[in-house]
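Visitor: Could you take one part of this model and walk me through it closely, with the cut-offs behind each term? I would like to see how that part connects to its surroundings.

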Amino acid sequence: MRYLPKSDDERREMLAELGLESLDDLYAHLPEEVLLREPLKLGPGKSEYEITDYFRRLSGRNVAGRPCFLGAGAYCHYRPVLVDVLVGRGEFLTAYTPYQAEISQGTLMTIFEFQTMLCQLTGMEVANASVYDGSTAVPEAVQMARRITRRDRVVVANTVHPEYRQVLETYARHQGLETAVTGYVRDTGMADLEEIERETDERTAAVLIQSPNFFGVVEDVRQAAEIAHAKGALLIVVFTEPVAYGVLEPPRQADIVAGELQSFAIAPSYGGPYAGVIATRQKYIRQLPGRLVGRTKDIEGRGAYCLTLTTREQHIRREKATSNICTNQALVALMATIFMTVYGKRGLRELAEQNLAKAHYLAGKVPQKFFGPFFNEFVAHSAVRKPAEVNARLMERGIVGGLPLGRFYPELEDCLLLCATEMARREDMDAVAEAILGR
Amino acid sequence: MIKKARQHVSQNESLIFERSSPGKRAYQLPPLDVPAVDPKDALGAGNVREEIGGFPEVSEVEVVRHFTRLSTYNYAIDHGMYPLGSCTMKYNPRVNEAVAALEGLRWIHPYQPDESVQGALEVIAALENALCEITGMDAVTLQPAAGAHGELTGMLLVRAALEAEGRPRRVVLVPDSAHGTNPASVAMAGYQVRNIASNEKGMVDLAALEAAVDEDTAALMVTNPNTLGVFEENIVAVARILHAKGALLYMDGANMNALAGISRPGEFGVDVMHLNLHKTFSTPHGGGGPGSGPVAVKKRLEPFLPLPRLVNEEAGWRWDYGRPQSIGRVRAFYGNFGVLVRALAYILAHGGEGLRRATLDAILNAVYVRKKLEPYYELPHKAPTMHECVFSDARQAGRGVRTMDIAKRLIDYGFHPYTVSFPLIVKGAIMIEPTETESKQELDLFIDAMISIAREAEENPELVKGAPHMTRIRRVDEVTAARKPVVRWTREEEK
C-alpha cells in the first residue's frame, strides 16, 4: 500500500520492541465475536492510473461544462485560476482547525478577512467563520432568533428556497418550533407581505425571507423588517446568490443574514461542498453559532489572531451549546475570500452588472411570469412547450436549460426558472428563447 | 535537542485591506455581448447599493503573495506529523484532489436531470456500497455535511424509528468520555442527555448501564474505540442490554480508523453510526472543513433515511423522493459530493486488504508511541491501546508544567501538538493519535521530542511553560480576545 511509509523490516523492528510477533497480535485482545469474519469485499488496491482512469470514465458519463441556465441555489460563475492555485497549497489544504494559534496564523488571518468581507458585503456587523452551507444556515439562524427573543414561532415566506425550507422542517419538528408558511403575490413573485403581517404575532421569533428570492425576485426587505420589528420579532434574510450584492442594496434592516457563498468561486460540484455563512448585529454576537476568529495580541504585544468566544461551542458547553456544529467549511470559505479579493470593490460591481445585463437580455426575449425586480434569475412562462420538453431540446444542442418549477410549485408547472450569469453567451440565450417560444 | 526544526525567515504580511488602494485590480471581464442595463432601471433606485465600503482593491501578484505568505504561517500534515488524538490527521493523497477536479465531476449542477449525471450517481452508489461493506451496515446516507451533522441525522433516525413503533422515548445516554458534539447533537434532536460514568478501565460500565437503561431510554451513544483509544470489550453485551429494553445503539465512528478491515460495527450490535470521511477516509481537513458525515444504518432504520434516496432502475440511477417515513432533508442537494469523490478514491487505492493494513499500521504506531513514552509520562488507563493513546501531565504537573505547556513546546520541536485536555475524564490529558501514515523515522523524532520535553520539564520548567519560542508569534491572549471581541477589520481599528 503506497500510502503506508514503512518497510516490513521496520514493522518487524517495531513489533520486536513491543514483544509481538505479528501485526495481528496488535488486536489479539479483541473478543472473538467482534472480529471480521471474512476479508472485506472491496477488491485489490488500485494504482494511481487505474483510479484516474476510473473517475475519468465516470466523469465522461456526465453532461458537464456546457452552457448552463440553471440557478436555484447553485450558480455557474467563472472561477479565477488563482483560487485553485492558492487553496491547493498544502499549508491550507492539509491543516487542521486553527486551535493552535501560534502555528495557524495563516488560516486565522484568512478567516478574519472572510468575516470582514462578509460584513462589508451584507451590511451586518459580525459574521461567523462559515457554516456547512446555505440550507443548514437557515435552521441555525432560526434557532439563534429563538434564543434572542425566547419565542418559538417562525413565519417563512414560500419564496425561500424549497430545499432550505425542507431542511428547516426537519430540524424544527423535534425542537418545538412552530412554522407558518406564507405565499407570494401572483403577479410580482414577491413574498406576500400582507400575509406575513397577518401571521406575525407576539409569539413570533422571526420572519424569514430570501432576497433575491427563489424566483430571482428582489424582496422589499425594508418593509419586511418593519412588519417583523413591529411585533418584536427579528427579520432573517437568506441569500443564495451573493454576486447580487455587488449591485443590490444589502439587507441592512435584517437582524440576521444567512446565506450560501457557492457563487464565489466554489464549483457547482453536484451540490457540495459549499459554504454557508451567518451574519448579524454586534449585540447578538454571543448567540451566533459556529466558529469566530478574533484579533488579539501575543505575550510580546505583537498583533495576532485566535479562535474566540469558544464558550458558545459544543466542545465546551456540550448539550447547552448554541449549536452542535464542529466542522466549518474553512477551505471553501477561503475560495470565497480569494474570489472577493480578486474581484474586489470594482470587480464585484462590474460582475454583478454583467449578470444583470445578461439575465435582462434573456428575459426580454421570453414571456415572464412575474414583474418584480430581478437580478440574474427569473421565471419564464413556457406556454408553447412544456418545460421538460424545452430542456430536452436544449440538451440536444448541448445546452443545460432551466429548472422546471412544477416539482416545487405545482401551480407553476408550465414555468422554468432561468439563470443567466456572466458566462451566458448571447447565442446560447437566443437558443433558449427559441426553444421556449417553440421556434 | 531539537532535531526536526530550525528557524527561518518568513515574510510579514498585513491584512489584505491594508494593501488596498483605489484603481488596482486583479480581474478583467470579457466585453459584454448584450446591451448594458442601468441597475436603477432594472432594480429600482432604492435597491441599488453604493460601493462596498472597505472591499479590497489589489493587483494579481499581490493576491498571490498575500495568500502564499499567509499559508506559510500554518503548520500542515504536508509538513509533518500531526498527532491530534481523535482527529485522525493522516496524509491526504493528491490523486484524490486530481480526480475531484475533473471537469465532469466538478462542473455539474445539482439540478441537472438524473440522466445527465449518471457518472456522478455511480460515484455515490459505489461509495454507499463500500461504506456498507466496511461497516457491516445495510444502508448509508451521504447527505450529512460533517460528523456532528451526521450525529444529528442519526439521532433523528433513532427518534423516527422509535416514534414509528409507538413513542420516541425521552433520554439518550452518553458516556462521560464522549466528544462534545455528542451531547449537543442529542439535545438538538430533542432528547435529554444523561451522562453515564466510565469504569476504571475507561469503558462503559455494564452495571451502570444496566441500571440506567429503562423504557424511557432511546439510545446509547458510544464511541468505539472510545476516546481513550480503548476498544469497548463488552460492546456485544452493551448492545444486548439496550436491545432488551427496546433501545438502540448509536456508534460515533470518529475512531473507525482503528477498525476498518478488522471489525465491523454492524456485526457487534450497532444499529446506527456515522463516519467522518475527513478522518478515516483522508479527505483534507482544509483548516477546518469541508467534512462529510455519512450515516450508516441497519435495515430497520432504512425507511427513515433522509430524502432523496438513490435507486437503480433499468434506465439507470435515479433519485427517489417517495419515502413517506423519511426524516426529511438534512441538507440541500445530496451532500458534499466533492468530498465523496475523494473518499471513494481513497478506498479504491487501498482495496479491502489495504484498509486492513492501514488499520494495523495505525495501531502499531500508537502502541509503539505508548510503549516508548510510558517511562516518561503517566498512563492513567492501562487497557490495550488501539489507534491512539492517552497520557496525562500528572508527573510534570508537580513542576508546574501542564499538558498545554508540553503541547506548545512540541511546536518548537517541529510538531503539531497532540490533543490537549481531552477526553475530560483524564485530568491534564495528552491524547496522541499518530495515524498509519507516519514513518518510523518521524515517529522516533516525535518520541525523542516528547522525552526531551519531559526532561526539560524537570530541569528547566520555565522553558516549557513559556513555549513556543521559535514561532512567528508567541502564546496569544485569548481572554482579552473573548472579553472585547474584535472579529472584523475596520479602518478605525488600524489607527
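Guide: Let's begin at helix α1 of chain A: what covers its buried residues includes two helices of chain B, α10 (337-373) and α13 (440-459). The model is a predicted one, in which local features need pLDDT of at least 70 and side-chain atom pairs count only at pLDDT 80 or more, while totals for chains, interfaces and linings use all residues. Residues are numbered from 1 along each chain as its sequence is written, chains are lettered from A and ligands numbered from 1 in the order in which they are written, and side-chain values use heavy atoms, with hydrogens and water left out. Helices (H or I, at least four residues) and strands (E, at least two) are DSSP runs, numbered from the N terminus.

Now to the helix itself. α1(A) spans residues 8-17, and its buried residues are Glu10(A), Arg11(A), Met14(A) and Leu15(A). Viewed down the axis of α1(A), these residues fall within an arc of 135 degrees, so they line one face of the helix. The arc is that of the directions from the helix axis to the C-beta atoms. Buried here means under 20% relative accessible area, exposed over 50% and partly exposed in between, with a 1.4 Å probe and protein chains only.

Leu18(A) has a relative accessible area of 15%, so it is buried. Setting aside neighbours within four places in sequence, the contacts of Leu18(A) are Leu364(B), Val367(B), Tyr368(B) and Lys371(B), where contact means heavy atoms within 4.5 Å. From Leu18(A) to Glu197(A) the separation is 179 residues in sequence and 72 Å in space, C-alpha to C-alpha. For scale, the C-alpha atoms of chain A fill a box of roughly 80 × 55 × 50 Å along the principal axes. After α1(A) comes Gly19(A), with a positive phi near 70 degrees.

Let's follow one of the covering helices, α13(B), to a partner. Two packed helices are described by the angle between their axes and the distance between the axes. Helix α12 of chain B (residues 403-412) and α13(B) have axes that come within 10 Å and cross at roughly 125 degrees. Axes are lines fitted to C-alpha atoms, for helices over the stretch in contact, and angles run from 0 to 180 degrees between N-to-C directions. The two helices, α12(B) and α13(B), are therefore oblique to each other; angles under 35 degrees count as roughly parallel, over 145 as roughly antiparallel, 65 to 115 as roughly perpendicular and the rest as oblique. On the α12(B) side, Ile406(B), Arg409(B) and Leu410(B) meet Phe446(B), Ala449(B), Met450(B), Ile453(B) and Glu456(B) of α13(B). Sorted by class, this contact of α12(B) with α13(B) has six nonpolar, no polar and two charged residues. Ala, Val, Leu, Ile, Met, Phe, Trp, Tyr, Cys and Pro count as nonpolar, Asp, Glu, Lys and Arg as charged, and the others, Gly among them, as polar.

On the way into α13(B), look at Thr435(B), in the loop between β12 (429-432) and α13 of chain B. Thr435(B) is not a glycine, yet its phi is positive, about 70 degrees. That is worth a second look, because most residues other than glycine have a negative phi, and most peptide bonds are trans. With 1% relative accessibility, Thr435(B) counts as buried.

Helix α5 of chain A (residues 105-122) packs with helix α2 of chain B (residues 60-71) at an angle of about 135 degrees, their axes 7 Å apart. That angle makes α5(A) oblique to α2(B). In this pairing, Gly106(A), Met109(A), Thr110(A) and Glu113(A) of α5(A) meet His66(B), Phe67(B) and Leu70(B) of α2(B). By class, the contact of α5(A) with α2(B) has three nonpolar, three polar and one charged residues.
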